[in-house]
Amino acid sequence: KLGVSRTPIREAMRKLELEGLVVMVPRRGAQVANITEKDLNDVLEVRITLENMAIEKACANMTDADIRKLEQAAEVFQTSTAEGDLVKMAEADVNFHEVIYEAADNKRLMQVLNNLREQIYRYRVEYLKDEETRNLLVKEHEEIYEAIKNRDLKKAKEISYQHIENQREAIIRSIREETKNR
């Protein structure tokens with residue numbers, strides 16, 4: 001129907017399967033993969049280590065222009081939360097962290113972090129639906145920005161850890177709720 005041969009479709013599905021986003025079911029095709037608590041914990045365990053590496057490198061590398069860019073990204077996230085558009089919030093959240101990853105100046109690190117983030121995207125959107133959570137995220141982004149601006153690596157890592165831990169707890173609640181409603 002779309003005028004695309006099967007080969008690129010198969011390759012795309014294989015790549016999605018390798019990234020843990022789909023599961024291939026014999027004689028049924030591809031299905032969106034459910035994430036388990038174990039999957040989530042595994043992903044976020046790796047993410048926090050890599051996130052802290054990115055923060056460490058960013059703290060060492062960030063120029064004044066990068067710091068302003070991070071501040072602006074935090075402000076855009078705050079504005080998007082006030083508007084209540086979940087897609088814009090998710091994009092603004094991604095952009096905030098992207099500024100840090102770019103300043104870390106390590107393409108492979110950025111690539112792996114982005115892949116990990118994609119694996120839990122749908123749960124993050126669920127996480128953003130709660131207004132209290134959004135307010136907490138705004139505060140955490142501001143604190144991460146301030147710590148990086150002040151080159152306070154220890155504080156930036158502590159806030160980043162708590163930022164991801166809060167996300168983990170909220171997503172686990174979402175997974176449990178989803179499992180209960182099946």
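**Note on cavities, core and a buried histidine**

1. The largest cavity is lined by Arg47, Asp93, Arg124, Tyr127, Leu128, Leu137, His163 and Gln167, and its volume is about 60 Å³. A cavity here is a set of points, on a 1 Å grid over the protein atoms alone, where a 1.4 Å probe fits but cannot get out, and lining residues have an atom within 4 Å of a point. The volume is the space filled by probe spheres set on the points, which are joined across faces, edges and corners.

2. This is a predicted model, in which local features need pLDDT of at least 70 and side-chain atom pairs count only at pLDDT 80 or more, while totals for chains, interfaces and linings use all residues. Residues are numbered from 1 along each chain as its sequence is written, and side-chain values use heavy atoms, with hydrogens and water left out.

3. With three residues, α6 gives the most to the lining of the largest cavity; helices are DSSP runs (H or I, at least four residues) numbered from the N terminus. By class, this lining divides into three nonpolar, two polar and three charged residues, where Ala, Val, Leu, Ile, Met, Phe, Trp, Tyr, Cys and Pro count as nonpolar, Asp, Glu, Lys and Arg as charged, and the others, Gly among them, as polar.

4. The second largest cavity, of about 30 Å³, is lined by Ala74, Glu75, Gln78, Val138, His141 and Glu142. The elements that give two or more residues to this lining are α3 and α7.

5. His97, in helix α4, is buried, with a relative accessible area of 2%; buried means under 20% relative accessible area (1.4 Å probe, protein chains only). The side chains of His97 and Glu51 are joined by a polar contact of 3.0 Å, that is, a pair of N or O atoms within 3.5 Å, of which, within protein, one must be able to donate a hydrogen and the other to accept it, residues adjacent in sequence counting only if both atoms are side-chain atoms. Leaving aside neighbours within four places in sequence, His97 is in contact (heavy atoms within 4.5 Å) with Arg47, Glu51, Arg117, His141 and His163.

6. The largest nonpolar core has 37 residues, of which Leu40, Met62, Leu70, Ile100 and Ile148 touch the most other members. Such a core is a set of buried Ala, Val, Leu, Ile, Met, Phe, Trp, Tyr and Cys residues joined through side-chain atoms within 4.5 Å. The largest share of this core, nine residues, comes from α2.

Conventions:
Buried < 20%, exposed > 50% of the residue type's maximum accessible area, 1.4 Å probe, protein only. 1 Å grid on protein atoms, 1.4 Å probe; cavity = no way out; pocket = protein on both sides within 12 Å on 5 of 7 lines; lining within 4 Å.
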